[in-house]
Amino acid sequence: MRQCPDRSGHALRAVFDRRAAAASLARGHAGGEVAASGVWRFRELLLPGTGPTLAHPEGDTPIYRREAVSRFAGVADLGLKHEGQNPTGSFKDRGMTVAVTHAVRFGASAVACASTGNTSASMAAYAAHAGLPALVFVPAGKIAAGKLAQAVAYGARTLLVRGDFDACLRLCREASEKLGVTLLNSINPWRIEGQKTIVLEMLQQRGWQPPDWIAVPAGALGNTSAFGKALIEARELGLIDRVPRIAAIQAAGASPFARSFKTGFRKRYRVAAETVATAIRIGDPASHDRAVWSIRETRGVVEKVTDAEILAAKAVIDAAGIGCEPASAASVAGVRKLVRTGVIGAGESVVAVLTGHVLKDAEIVMKYHTAPGRGRNRPLEIDADLRAVARLVRRS
Ligand SMILES: Cc1ncc(COP(=O)(O)O)c(C=O)c1O
């Protein structure tokens with residue numbers, strides 16, 4: 001892999017921009033996966049050294065702008081960076097391509113992770129690509145069917161643990177220490193390196209002009225950690241001249257980090273987590289310390305939103321034709337709350353990250369739209385008869 005010998009901001013920007021322009025030509029060509037990847041474009045800032053590189057390719061996700069979502073959130077300048085458009089439907093692919101590549105280069109014999117669903121789906125896909133056996137620990141009965149199906153379909157040995165995510169992570173850590181399998185949760189530093197590219201790519205898409213704020217859903221806090229690291233490195237390298245503030249948003253029923261923020265991070269909390277947003281149902285965030293650093297370094301904030309607020313935001317994002325999984329909508333729900341409480345100004349620019357695809361959790365969509373309430377879109381069963389269709393069309 002050719003590297004960039006000059007690491008000044010100006011030279012790196014030129015290299016990254018040249019690779020971005022060439023990416024679409026590389027897509028679909030034999031051996032073009034690395035050149036087409038929105039992660040490996042930033043290779044100088046991720047993984048030192050050379051060797052085999054496992055890319056699907058991933059990244060290169062769009063930033064949507066939709067009037068209805070901006071109005072709902074209360075900021076005119078709102079971009080939605082949609083990480084659900086990665087190969088396995090979530091941002092996890094960005095960290096996984098780097099962590100699995102590192103594991104392969106260092107001769108791993110098998111990989112393992114604990115997951116609320118998306119990590120296992122992603123790890124299973126990249127392990128299959130690398131030809132490595134994969135071991136997955138997920139909380140039994142607490143994972144969306146689509147995500148479980150992905151891990152199973154991609155061939156991972158899937159263990160349904162009678163316990164919550166935090167129990168799964170404890171078990172997985174023990175297993176990886178005692179059984180010699182490589183742990184690929186976000187405590188693996190190479191996952192964080194890959195996830196930095198969500199921010200780097202967003203900055204590049206904006207012509208290296210940072211927004212005022214970046215809002216991100218927060219569970220185990222891998223992204224919160226990665227975003228702070230990416231921003232501080234980008235400023236130190238001269239890729240950007242000012243650092244956006246991070247708004248990390250938790251679900252109210254799983255908000256130990258938001259509680260800790262309120263104490264100025266003097267205390268760390270662990271809670272029994274419960275929320276409709278299963279991807280962030282985490283009571284003891286593994287990357288707490290690194291995330292504290294990120295929030296402090298970016299003058300960031302941590303906020304929590306209720307399940308009702310998350311589902312209301314999701315309905316607006318979905319109805320705009322974009323769609324996302326429940327945890328993702330926490331970012332937009334959080335922006336709305338922070339605008340209403342005066343923390344984010346209505347005239348400021350915000351990029352909210354949507355972390356997962358709408359199809360990841362179809363059960364929640366159907367539960368929401370078949371319940372009574374305003375703005376629901378209940379599917380209607382009819383006879384196979386044009387008169388029935390005509391009656392409905394007239395009524396609506
Ligand atoms: C869709 C989705 N959003 C948000 C998160 C939380 O990210 P983090 O653990 O990096 O805070 C996850 C993690 O599983 C996720 O799958």
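This is a predicted model: local features need pLDDT of at least 70, side-chain atom pairs count only at pLDDT 80 or more; totals for chains, interfaces and linings use all residues.
Colleague: How many C-beta neighbours does tryptophan 208 have inside 10 Å, and how is the residue classed?

Modeller: A residue is buried at 20 or more such neighbours and exposed at 12 or fewer. Tryptophan 208 has 17, so it counts as partly exposed.

Colleague: Where is the peptide bond cis?

Modeller: From histidine 56 to proline 57, where omega is near 10°. Proline 57 lies in the loop between α2 (33–36) and β1 (63–64).

Colleague: Which residues of α11 are buried?

Modeller: In α11, residues 288–297, the buried ones are Arg290, Ala291, Val292, Ser294 and Ile295. They pack against α9, β8 (245–251), α10 (256–262) and β9 (301–305).

Colleague: Now helix packing. At what angle do α8 and α9 cross?

Modeller: Start from the axes. Those of α8 (residues 189–205) and α9 (residues 222–237) come within 8 Å and cross at roughly 60°. An angle of 65 to 115 degrees would count as roughly perpendicular and one under 35 degrees as roughly parallel; α8 and α9 are therefore oblique to each other. The crossing is right-handed.

Colleague: Which residues make the contact?

Modeller: On the α8 side they include Ile192, Val199, Leu200 and Leu203, and on the α9 side Ala226, Phe227, Ala230 and Leu231 are among them. By class, the contact has nine nonpolar, four polar and three charged residues.

Colleague: What domains does the assignment give?

Modeller: The domain assignment gives domain 1 as 63–89 + 190–370 and domain 2 as 92–183. Their C-alpha centres lie 23 Å apart. In the contact between them, 25 residues of domain 1 meet 26 residues of domain 2.

Colleague: Which element supplies the largest share of the domain 1 side?

Modeller: Helix α8, with eight residues. On that side of domain 1, 10 residues are nonpolar, eight polar and seven charged.

Terms used
Residues are numbered from 1 along each chain as its sequence is written. Axes are lines fitted to C-alpha atoms, for helices over the stretch in contact, and angles run from 0 to 180 degrees between N-to-C directions. Helices (H or I, at least four residues) and strands (E, at least two) are DSSP runs, numbered from the N terminus. Angles under 35 degrees count as roughly parallel, over 145 as roughly antiparallel, 65 to 115 as roughly perpendicular and the rest as oblique. A crossing is left-handed if the near helix is turned anticlockwise from the far one by less than a right angle, and right-handed if clockwise. Two residues are in contact if their C-beta atoms, placed from the backbone, lie within 7 Å. Ala, Val, Leu, Ile, Met, Phe, Trp, Tyr, Cys and Pro count as nonpolar, Asp, Glu, Lys and Arg as charged, and the others, Gly among them, as polar. Domain bounds come from an automatic or database domain assignment.
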